[in-house]
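Subject: Structure handover

Hello,

Here is the structure I promised to pass on. Please open it first, then read my notes below.

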Amino acid sequence: MRLVLMGGSLRPQSLNGKLLRHLARELEGRGHEVAAFGGETLRLPLYEDGLAPSAETRALHEALQGAQGLVIVSPEYNAGIPGHLKNAVDWLSTLKPSPWPGLPVLLCAASPGAFGGARSLMAWRATLANMGALALPEVLTVPHADQQLDEEGRPTEARTAAAVPKILDGFLALAARLRP
């Protein structure tokens, strides 16, 4: 299966970037083809009508065209979607053909806070639904991620660590049904 992962903050030591890389390795270990976009690759020009998309924007669009699913690993900024990720989504929504209708999406977040970024994932649901993407009902959140992710981005807390394979299984089953 061809999958795209997108997310992380723009900081080099992003907790969400660590989680994204861990999930990419997990999916590759299961035999899936993964294209990951994070950090500097998502530092796109601000969307402006009439402005040509950057090479990075076109590369993300091309990857999504052939993808059977998308994993978003999102920081939480003031209980919402980080500007750089919303900007990427806005760019993608203007390119043809649109990658969004019917696209299976897994939402993930890591945060030093007690909610693990869950509040931002509610904002993601509205944005994705507006574009026709289909978010898996289950999400992966890592609370206290500054203490609960090891150097490789693996969750160390037992319940979260056990949830990762189950949530990935559910997402992959959805993607296989919707985009065989």
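Glu-76 is buried, because its relative accessible area of 18% is under the 20% cut-off. Please keep in mind that this is a predicted model. The side chain of Glu-76 forms a salt bridge with Arg-119, at 2.6 Å from N to O. Arg-119 lies in helix α4 (residues 118-131) and Glu-76 in the loop between β3 and α3, so the pair ties together parts that are 43 residues apart in sequence. Arg-119 is partly exposed, with a relative accessible area of 38%.

The salt bridge count comes to 7. Two others are worth a look.

One joins Glu-152 and Arg-25, with 3.6 Å from N to O. This pair links distant parts of the chain, 127 residues apart. Glu-152 sits in the loop between α5 (145-148) and α6 (158-178). Arg-25 belongs to helix α1 (residues 15-29). Glu-152 is partly exposed at 39% relative accessibility. Arg-25 is also partly exposed, at 36%.

The other joins Arg-43 and Glu-40, at 2.9 Å from N to O. Arg-43 counts as partly exposed, with 48% relative accessibility.

Now to strand β4, residues 104-110. How many of its residues are buried? The count is 7 of 7. Pro-104, Leu-106, Cys-108 and Ala-110 point one way. Val-105, Leu-107 and Ala-109 point the other way. In a regular strand, side chains alternate between the two faces of the sheet. Here both sets are buried.

Which strands does β4 pair with? Here is the list:

- β3 (residues 69-73) runs parallel to β4, joined by 4 bridges. Leu-70 has Val-105 of β4 as its bridge partner.
- β5 (residues 134-135) is also parallel to β4, with 2 bridges between them. Ala-135 in β5 stands opposite Val-105.
- β6 (residues 140-142) is parallel to β4 too, through 3 bridges. Val-142 in β6 is the bridge partner of Ala-110.

Best wishes

Note on methods:
Residues numbered from 1 in each chain as written. Predicted model: local features only at pLDDT ≥ 70, side-chain atom pairs only at ≥ 80, totals over all residues. Heavy atoms only, no water. Buried < 20%, exposed > 50% of the residue type's maximum accessible area, 1.4 Å probe, protein only. Pairing = 2+ DSSP bridges. Salt bridge = Lys/Arg side-chain N within 4 Å of Asp/Glu carboxyl O.
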